[in-house]
Amino acid sequence: MTMTDPIADLLTRIRNANRAGYDKTDVPFSTMKESLCQILKEEGFIEGYRVLEQEPGDVVRIYLKYGEDKEKFLTDLQRVSRPGLRVYVDKEQIPRVLGGIGVAIISTSQGMMTDAEARKRGIGGEVICKVW
């Protein structure tokens, strides 16, 4: 069975594991998913990730981040652009998430980056998701 939106699947798996209080979750590997995980790690929403080589395909293991008493660093993830409705913005229209508390992840011609980085470089692109 083919998956129509692998990025939405990644976000849903992270969201569900976070709400259930799991320490880690596994998702099928792709370079785009790895780039998303790298941004989530740099922004402090997840503890880290590792690419595991397994049969029949590679897997990205995502380690979720919690504070003392299991308080969550990640409140929610929201898919913006999807296969049926792509959302593109230019450099003036890049969204701010909760007044700068959250992060919008943008896919640009120069790779995946946060909304702040895209504004700094002066480029637009496809709004993949919002995280807060």
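I take contact to mean heavy atoms within 4.5 Å. The model I examined is predicted.

**Entry 1: the sheet and its helices**

I looked up which elements helix α2 lies across. Helix α2, residues 31-42, lies across β1, β2 and β3, and runs at about 155° to β2. I then traced the sheet itself: three strands form an open sheet in the order β1-β3-β2, with antiparallel pairing. Because β1 (24-28) and β2 (46-52) stand at the edges, each with a single partner strand, one side of each is left without a neighbour in the sheet. From one strand to the next, the twist averages 20°.

Between β1 and β3 (residues 59-64) I found five bridges, the two strands running antiparallel. V27 stands opposite V60 in β3. Helix α1, residues 6-20, packs on the sheet and touches β1 and β3; its direction makes about 165° with that of β1.

**Entry 2: helix α1**

I checked the span of α1. The helix has 15 residues and reaches 21 Å from its first C-alpha to its last, close to the 21 Å expected at 1.5 Å a residue. Just after α1, G21 takes a positive phi of about 80°.

I next listed the buried residues of α1, which are I7, D9, L10, L11, I14, R15, A17 and N18. Their cover includes β1, α2, β3, β4 (77-79) and β8 (125-131).

**Entry 3: salt bridges**

I noted that the structure holds nine salt bridges, and I looked up several of them.

R13 forms a salt bridge with D9, the closest N and O atoms being 3.0 Å apart. Both residues lie in helix α1, four residues apart, about one turn of the helix. An α-helix has 3.6 residues a turn, so residues three or four places apart point the same way. R13 counts as partly exposed because its relative accessibility is 31%, whereas D9, at 18%, counts as buried.

R19 forms a salt bridge with D76, with 3.7 Å between the closest N and O atoms. This pair links distant parts of the chain, R19 being in helix α1 and D76 in the loop between β3 and β4, 57 residues apart. R19 is exposed, with a relative accessible area of 54%. I also recorded that R15, R19 and D76 are linked in a network of salt bridges.

E126 forms a salt bridge with R86, the closest N and O atoms lying 3.0 Å apart. E126 lies in strand β8 and R86 in the loop between β4 and β5 (88-89), so the pair ties together parts that are 40 residues apart in sequence. At 11% relative accessibility E126 counts as buried; R86, at 42%, counts as partly exposed.

Definitions and conventions. Residues numbered from 1 in each chain as written. Predicted model: local features only at pLDDT ≥ 70, side-chain atom pairs only at ≥ 80, totals over all residues. Heavy atoms only, no water. Pairing = 2+ DSSP bridges. Axes fitted to C-alpha atoms, helices over the stretch in contact; angles between N-to-C directions. Expected span 1.5 Å × (residues − 1). Buried < 20%, exposed > 50% of the residue type's maximum accessible area, 1.4 Å probe, protein only. Salt bridge = Lys/Arg side-chain N within 4 Å of Asp/Glu carboxyl O.
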